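Opening the notebook on a new model today. I want to go through the helix packing and then the sheets, one entry at a time.

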Amino acid sequence: MDRYCPSWSRTQRDLFFKCPSAWVMRYAQPRRSGRTLGPGPASDWNLMLRALKSTIVDRLEALRLGTEWSESIASFALKEHLRGGFRAQKRAISPVKCEALLLFAEHRMKLLWRTDTFLRINKGTIRQWTLLNRRESEHIDGYDLFASPDIAYRCGGTWHLVRLDMQGSKMSDSERLESLAMVLWAMKREGLPQVKEQFHIQTIGWRKGSWVVHSFGVDSEEIEAARSLISSDVSAMKQCAEVSRYALDCIPLAVHESTCKTCPFKARCLDGRSLAFTKKQRLRMLEQGD
C-alpha cells in the first residue's frame with residue numbers, strides 16, 4: 001500500500017464526516033488492489049452537470065486564447081462531453097434522453113453567460129483574468145490543499161476568486177469554509193498576492209432556477225479560523241488513516257444509512273446486512289476483544 005499523503009478538499013471533508021470508513025477506502029487506502037480508485041457510477045443528471053462544467057471550462061479557455069464561441073459550437077461541445085461521459089461509464093443514452101438533458105444544460109449555460117462576471121469577461125472589460133484547475137493543489141502547513149477557484153480576475157488592486165457550483169443549496173457553513181480555503185490556496189499560488197486582504201471571494205451557484213452570486217470580502221480572523229479548522233480536519237484524517245493500517249474494522253461506519261445507498265464500498269462494509277446490524281456486530285466484537 002502506498003503511504004498516505006495528507007490532503008484536504010471539501011469533498012474529502014464531507015465524506016469523512018458522513019462515513020470515515022468510506023473516506024479511508026477512497027482516500028487513505030486507494031491502491032490496495034494495485035490501482036487508483038476512480039469515481040463511482042454517476043446518475044444521468046450528474047453526468048449532465050459534469051458535461052456542463054467541462055464545456056464552460058473549454059469555452060473560457062477558447063475565450064482566453066481569443067476565440068469567442070457561437071451558440072452552435074457551444075451546443076456541439078456540450079453534446080460531445082455528455083456522450084463522452086456516458087461512454088466512459090460504458091452506458092448508452094437514448095436520443096430522447098440526450099436531447100432532454102442537453103436542453104437543461106444549454107439553458108443553464110446561456111444564463112451563466114448573462115451573469116455580470118461572465119459578461120465583463122466576454123466583453124473584455126475584465127482584462128486580467130486566468131482560468132484555474134480545481135484538481136491542482138497547493139502545499140500548506142504539511143498537507144496538500146485542494147481549494148482552487150475556477151477563475152481569478154483582477155479589478156484594481158483586488159483579486160476576485162470565483163468558484164462555480166453547478167448545483168447546490170443555499171450557502172452553508174461547509175461551502176463558506178471552502179470559499180475561505182480558496183484564499184489560503186491562492187496565497188500559495190505563484191503569480192497571485194500573498195496578502196489575504198487583497199482577495200475578494202465570489203461564488204456563482206445554480207439555485208432554484210437561476211445563477212445566484214454570493215460575493216464577500218475577506219475577514220482576517222475568519223481566514224485564520226478556517227485555517228485552524230482545516231488543520232483540525234487534516235489531523236483527524238491522519239489519525240484515522242493511521243488506525244486503518246492496522247485495524248480497518250475499527251474505523252467508524254456511516255452516520256446515516258442513506259450514505260450507504262450509492263457507496264461503492266457498501267458490499268465490503270455491510271456484506272448484505274443493515275448499517276444498524278453491522279454497527280452492533282462490530283461493537284460486540286470490540287467488547288469481546290477487550
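**Entry 1: α7 and α8.** How are α7 and α8 oriented to each other: roughly parallel or roughly perpendicular? I looked up the angle before anything else, keeping in mind that this is a predicted model. The two helices, α7 and α8 (residues 220–244), pack at about 100 degrees, and their axes are 9 Å apart. α7 and α8 are therefore roughly perpendicular to each other. I then listed who touches whom. From α7 the contact takes R176, L177, L180, A181, V183 and L184, and from α8 it takes E222, I223, A226, R227, L229 and I230. Sorted by class, that contact has 9 nonpolar residues, no polar ones and 3 charged ones.

**Entry 2: confidence.** I checked pLDDT before going further. The chain averages 90, with 93% of its residues at 70 or more. Within the chain, β4 has the highest confidence at 97, while helix α10 (residues 275–289) has the lowest, at a mean of 83. I also flagged residues 32–36, where the pLDDT is below 50. That stretch has 4 contacts in the model beyond near neighbours in sequence.

**Entry 3: α1 on α7.** Back to α7, from its contact with α1. Helix α1 (residues 10–18) and α7 have axes that come within 10 Å and cross at roughly 145 degrees. I noted the crossing of α1 and α7 as right-handed. Here R10, R13 and D14 of α1 meet S174, E175, L177 and E178 of α7. The class count for this contact is 1 nonpolar, 1 polar and 5 charged. L177 of α7 turns up in this contact and also in the one with α8.

**Entry 4: the sheet under α7.** What does α7 lie across? Helix α7 (residues 173–188) lies across β1, β3 and β4, and runs at about 95 degrees to β3. Those strands belong to an open sheet of 3 strands, in the order β1-β4-β3 and with mixed pairing. β1 (7–8) and β3 (138–140) are at the edges with a single partner strand each, so one side of each has no neighbour in the sheet. As a landmark I wrote down I140, which stands opposite Y143 in β4.

**Entry 5: α4 and α5.** Next pair of helices. α4 (residues 71–88) packs on α5 (residues 95–112) at an angle of about 130 degrees, with the axes 10 Å apart. That makes α4 and α5 oblique to each other. α4 passes α5 in a right-handed crossing. The α4 side of the contact includes L78, L82 and F86, and the α5 side includes L101, L102 and M109. By class I get 9 nonpolar, 1 polar and 6 charged.

**Entry 6: the 5-stranded sheet.** Which strands form this sheet, and in what order? The order is β2-β5-β6-β7-β8, an open sheet of 5 strands with mixed pairing. β2 and β8 (210–217) are the edge strands, each pairing on one side only. From one strand to the next the twist averages 20 degrees.

I walked across the sheet strand by strand. β2 (residues 129–131) and β5 (residues 151–155) pair antiparallel over 3 bridges, and T130 stands opposite A152 in β5. Then β5 pairs with β6 (residues 158–165), also in the antiparallel sense, over 5 bridges. For R154, the bridge partner in β6 is W159. β5 and β6 form a hairpin with 2 residues between them, and G156 in the turn has a positive phi of about 65 degrees. β6 is joined to β7 (residues 199–207) by 7 bridges, and this pair runs parallel. There, L164 has I204 in β7 as its bridge partner.

**Entry 7: helices on that sheet.** Last look-up. α5 lies across β6, β7 and β8, running at about 145 degrees to β7. Helix α6 (residues 116–123) packs on the sheet as well, touching β2, β5, β6 and β7. The direction of α6 makes about 75 degrees with that of β5.

Conventions:
Residues are numbered from 1 along each chain as its sequence is written. This is a predicted model: local features need pLDDT of at least 70, side-chain atom pairs count only at pLDDT 80 or more; totals for chains, interfaces and linings use all residues. Side-chain values use heavy atoms; hydrogens and water are left out. Two strands pair if DSSP finds at least two bridges between them. Helices (H or I, at least four residues) and strands (E, at least two) are DSSP runs, numbered from the N terminus. Contact means heavy atoms within 4.5 Å. Axes are lines fitted to C-alpha atoms, for helices over the stretch in contact, and angles run from 0 to 180 degrees between N-to-C directions. Angles under 35 degrees count as roughly parallel, over 145 as roughly antiparallel, 65 to 115 as roughly perpendicular and the rest as oblique. A crossing is left-handed if the near helix is turned anticlockwise from the far one by less than a right angle, and right-handed if clockwise. Ala, Val, Leu, Ile, Met, Phe, Trp, Tyr, Cys and Pro count as nonpolar, Asp, Glu, Lys and Arg as charged, and the others, Gly among them, as polar. pLDDT is the predictor's confidence in each residue, from 0 to 100.
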